[in-house]
Amino acid sequence: MIRVLVADDEPLIRAGIRTVLESAPDIEVVAVAEHGRAAVAEAVAHRVDVALLDINMPLLDGLSALEELRRQAPALRTVVLTAFGAEPNVLQALQSGAAGFVLKNCTPDELIRAVRAAHGGEAYLSPAVTRPVLDLITPVAARRRREAAERLTALTERESQVLGLVAEGMSNAEIGRELHMSEKTIKTYVSRVLAKLGCSNRVQAALLVRDAGPTG
């Protein structure tokens with residue numbers, strides 16, 4: 001059972017998210033919070049597996065709560081909730097180690113997928129906003145672009161192909177279907193790619209692809 005915390009300053013949003021998540025047989029909402037400080041305290045006290053954090057909360061915002069949770073509960077996975085996909089601080093959250101983000105108007109199935117992906121060690125980016133978030137990155141300097149491109153040369157052709165699909169926001173299962181390979185094999189490829197590139201998660205790898213710019 002995946003133990004989840006839901007943190008949002010709007011009671012109706014909290015209740016709605018809780019209802020959606022608890023419709024899944026493998027998810028249990030064990031704590032809720034209306035601000036960042038409570039989110040940190042409740043997440044630690046209830047030993048949650050995944051914390052859903054609204055990025056805009058009183059007392060302690062989602063980014064600050066994320067950083068505090070990384071210090072107090074490093075194994076906990078965090079998914080950022082936001083009303084707008086193209087927020088610079090969402091990108092900051094992902095770069096700070098959030099497992100992903102979802103829009104508050106996402107479908108129930110997508111919200112459940114995000115929690116399961118985070119719990120499973122994957123980074124989940126809402127498909128509707130993956131590109132806008134990546135587009136928030138300002139044009140990289142020539143040196144940064146060159147360094148990113150050089151790092152990518154360490155990959156084999158197949159690894160580069162897998163990474164390209166990861167950068168498009170595809171899950172392991174979706175990549176497997178696209179390349180006619182098993183999900184387990186894709187997971188192995190992704191792990192190998194992250195290790196070669198020195199990236200801690202899929203989001204950082206996708207940003208590296210963005211930094212490198214178009215090839216060919």
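Which side chains meet in a salt bridge at 3.4 Å, N to O? They are those of Lys-104 and Asp-54. A salt bridge here is a side-chain nitrogen of Lys or Arg within 4 Å of a carboxyl oxygen of Asp or Glu. The structure holds seven of them.

This is a predicted model, in which local features need pLDDT of at least 70 and side-chain atom pairs count only at pLDDT 80 or more, while totals for chains, interfaces and linings use all residues. Residues are numbered from 1 along each chain as its sequence is written, and side-chain values use heavy atoms, with hydrogens and water left out.

**The sheet**

- Six strands form an open sheet with parallel pairing, in the order S2-S1-S3-S4-S5-S6.
- Its edge strands are S2 and S6 (124-125), each of which pairs on one side only.
- Strands and helices are DSSP runs numbered from the N terminus: E with at least two residues for strands, H or I with at least four for helices.
- Two strands count as paired if DSSP finds at least two bridges between them.
- S1 (residues 2-7) pairs with S3 in the parallel sense, over four bridges.
- Ala-7 stands opposite Leu-53 in S3.

- Asp-54 sits in strand S3.
- Asp-54 is buried, with a relative accessible area of 3%.
- Buried means under 20% relative accessible area, exposed means over 50%, and partly exposed lies in between (1.4 Å probe, protein chains only).
- UniProt lists Asp-54 for "modified residue: 4-aspartylphosphate", in an unreviewed entry.
- UniProt positions are given in the numbering used here, feature names are shortened, and annotations may be inferred rather than shown by experiment.
- Neighbours within four places in sequence aside, Asp-54 is in contact with Ala-7, Asp-8, Asp-9, Gly-62, Leu-81 and Lys-104.
- Contact means heavy atoms within 4.5 Å.

**Salt bridges across the chain**

- The side chains of Lys-104 and Asp-54 form a salt bridge at 3.4 Å, N to O.
- Lys-104 lies in the loop between S5 (100-103) and H5, and Asp-54 in S3 (residues 50-54), so this pair ties together parts 50 residues apart in sequence.
- Lys-104 is partly exposed, at 28% relative accessible area.
- Glu-159 and Lys-196 also meet in a salt bridge, at 2.9 Å from N to O.
- Glu-159 is in H8 (residues 157-167) and Lys-196 in H10 (residues 183-197), so the pair ties together parts that are 37 residues apart in sequence.
- Salt bridges that share partners join Asp-8, Asp-54 and Lys-104 into one network.
- Arg-116 forms a salt bridge with Asp-26, with the closest N and O atoms 2.9 Å apart.
- Arg-116 belongs to H5 (residues 108-119) and Asp-26 to the loop between H1 (11-21) and S2 (27-33), so the two tie together parts 90 residues apart in sequence.
- Both ends count as partly exposed: Arg-116 at 38% relative accessibility, Asp-26 at 26%.

- Glu-159 is buried, at 1% relative accessibility, whereas Lys-196 is partly exposed, with a relative accessible area of 39%.
- The Glu-159 side chain makes a polar contact with the side chain of Lys-196 at 2.9 Å.
- A polar contact is a pair of N or O atoms within 3.5 Å; within protein, one must be able to donate a hydrogen and the other to accept it, and residues adjacent in sequence count only if both atoms are side-chain atoms.

**Helix H3**

- In H3 (residues 62-72), Gly-62, Leu-63, Ala-65, Leu-66 and Leu-69 are buried.
- Viewed down the axis of H3, its buried residues fall within an arc of 160°, so they line one face of the helix.
- The arc is that of the directions from the helix axis to the C-beta atoms.
- Asp-61 caps the N-terminal end of H3, with a side-chain oxygen 2.7 Å from the backbone nitrogen of Ser-64.

**Arg-47**

- Arg-47 is placed in the loop between H2 (36-45) and S3.
- Arg-47 counts as exposed, at 70% relative accessibility.
- Arg-47 and Arg-3 are 44 residues apart in sequence and 7.8 Å apart in space, C-alpha to C-alpha.
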